[in-house]
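Q: Please take a close look at the aromatic ring pairs in this model, and at the parts that surround them. A plain account with the criteria stated would be enough.

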Amino acid sequence: MLGRFRATIQRLQWQARLHAWWDGYVFDPAGGRRRRLKMPALKHHFQPLETPLDFSGPPTVDGWPPQRLAVVQALFGEGMIAPADSEALTKMTHPLGLAKEMTVVEIGAGLGGIARAIAAESDIYITGFEPDAELARVGNDLSTKHGMGRKVRITHLPRGGLDARPETVDAVIAKEALLTVEDKPAVFAAIRRALRPGGQLMMSEYMLVGDEISPLVAQWSHATPVPLYPMSVKATRAELEKLGFQVRIVEDITAEYNKGAHKAFAGMAQHIEAGGAAEHMAPWVLAEGEVWSHHLAALASGDVKVYRIYARIPRSAL
């Protein structure tokens with residue numbers, strides 16, 4: 001009961017902050033005060049990325065209509081649907097030692113922003129797999145737009161899907177891609193089959209700290225557009241090791257992930273090109289904020305954390 005009450009308060013405070021930012025204020029929930037932001041109000045600096053969109057009608061986070069795609073990219077950057085700054089991407093890719101001759105795939109590629117950033121940095125080709133057909137389609141359009149249509153290709157596959165012949169892949173990347181996958185052991189087994197000896201897996205994911213699902217975590221799962229199936233960090237490691245992976249890194253990155261999410265909402269006006277008033281877009285921003293309020297409440301509970309895991313197959317694996 002206490003956990004549910006605390007989560008409700010956190011959600012209301014998050015919504016209050018979004019409303020305040022939209023009008024150009026910082027909201028202090030403790031004192032109920034609003035202080036004018038040094039940056040302009042979001043409503044005066046928020047617009048679709050390129051094509052004018054009709055934001056009339058009720059907002060939705062069920063699927064990925066163009067309006068929602070415009071909102072999340074304005075929040076997190078073009079081609080991104082979640083926090084992923086350059087520092088976070090470097091931490092994910094540096095241990096992999098990516099080279100041009102390597103075969104790399106990304107599970108849960110979204111709009112392909114991460115894959116394009118990696119391909120541009122390391123001059124490699126990446127194949128992405130994405131369960132949402134619209135995200136895959138728009139992601140491929142963005143790759144073409146940036147002249148990377150050959151280097152980064154995204155294929156529509158079921159959640160956690162990986163289409164690769166056995167022992168043909170050097171590295172698999174999965175950034176918060178498996179939370180909505182119920183049968184994670186099957187995904188890990190598919191990754192294991194695809195990797196060559198010496199192959200590597202780099203993933204980050206929301207994971208349970210303990211073995212039990214608390215009432216707050218259960219509430220979090222039911223409140224999101226797609227059901228969530230969090231696995232414990234202990235069980236994740238055990239499953240990978242059972243398949244023959246050597247788990248080299250298990251790192252709690254909750255603090256930096258939280259920081260990225262808060263920065264995205266609080267600093268929107270600083271990262272979006274100035275445009276005309278777009279107050280009619282506010283409901284879409286708030287709807288997205290509602291989804292993130294549940295994610296952040298789950299992390300704040302301490303029952304769930306975001307972990308980065310790096311594992312590899314020994315070169316002598318049979």
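A: The answer starts with the whole chain and then follows the rings. The model is predicted, so local features need pLDDT of at least 70 and side-chain atom pairs count only at pLDDT 80 or more, while totals for chains, interfaces and linings use all residues. Residues are numbered from 1 along each chain as its sequence is written, and side-chain values use heavy atoms, with hydrogens and water left out.

The protein chain has 11 helices and nine strands (DSSP runs numbered from the N terminus: H or I of at least four residues for helices, E of at least two for strands). Of its 318 residues, 51% are buried (under 20% relative accessible area with a 1.4 Å probe, protein chains only; exposed is over 50%, partly exposed in between). Among contacts (heavy atoms within 4.5 Å) between residues at least 6 apart in sequence, 77% join residues at least 24 apart.

The aromatic pairs number five; a pair is two rings of Phe, Tyr or Trp (its six-membered ring) with centres within 6.5 Å, and planes under 30 degrees apart count as stacked, over 60 as edge-to-face and the rest as tilted. One of the pairs is F55 with W284, edge-to-face at 5.9 Å centre to centre and 90 degrees between the planes. F55 sits in the loop between β2 (33-36) and α2, whereas W284 belongs to helix α11 (residues 282-301), so this pair ties together parts that are 229 residues apart in sequence. F55 counts as buried at 3% relative accessibility, and W284 is buried at 5%.

Another pair is Y206 with Y257, edge-to-face with 5.5 Å between centres and 80 degrees between the planes. Since Y206 lies in strand β7 and Y257 in helix α9 (residues 254-266), the pair ties together parts 51 residues apart in sequence. Both tyrosines, Y206 and Y257, are buried. These two also belong to a cluster in which ring pairs link F76, Y206, W220, Y257 and W292.

P59 is partly exposed, with a relative accessible area of 31%. Leaving aside neighbours within four places in sequence, P59 is in contact with P283, W284 and A287. The C-alpha atoms of P59 and V285 are separated by 8.7 Å, although the two are 226 residues apart along the chain.

F76, a member of the ring cluster, is among the buried residues of α2. In that helix (residues 66-76), 10 of the 11 residues are buried, so α2 is largely enclosed by the rest of the structure. Just after α2, G77 takes a positive phi of about 115 degrees.

Two cavities of 30 Å³ or more are found in the whole structure (a cavity is a set of points on a 1 Å grid over the protein atoms alone where a 1.4 Å probe fits but cannot get out; lining residues have an atom within 4 Å of a point). L178, K184, F188, M203, E205, Y206, M207, M231 and T236 line the second largest cavity. Two or more lining residues come from each of α6 (184-194) and β7 (195-208), and β7 gives the largest share, four residues. The second largest cavity holds about 40 Å³ of space, a volume being the space filled by probe spheres set on the points, which are joined across faces, edges and corners.

Methods:
1 Å grid on protein atoms, 1.4 Å probe; cavity = no way out; pocket = protein on both sides within 12 Å on 5 of 7 lines; lining within 4 Å.
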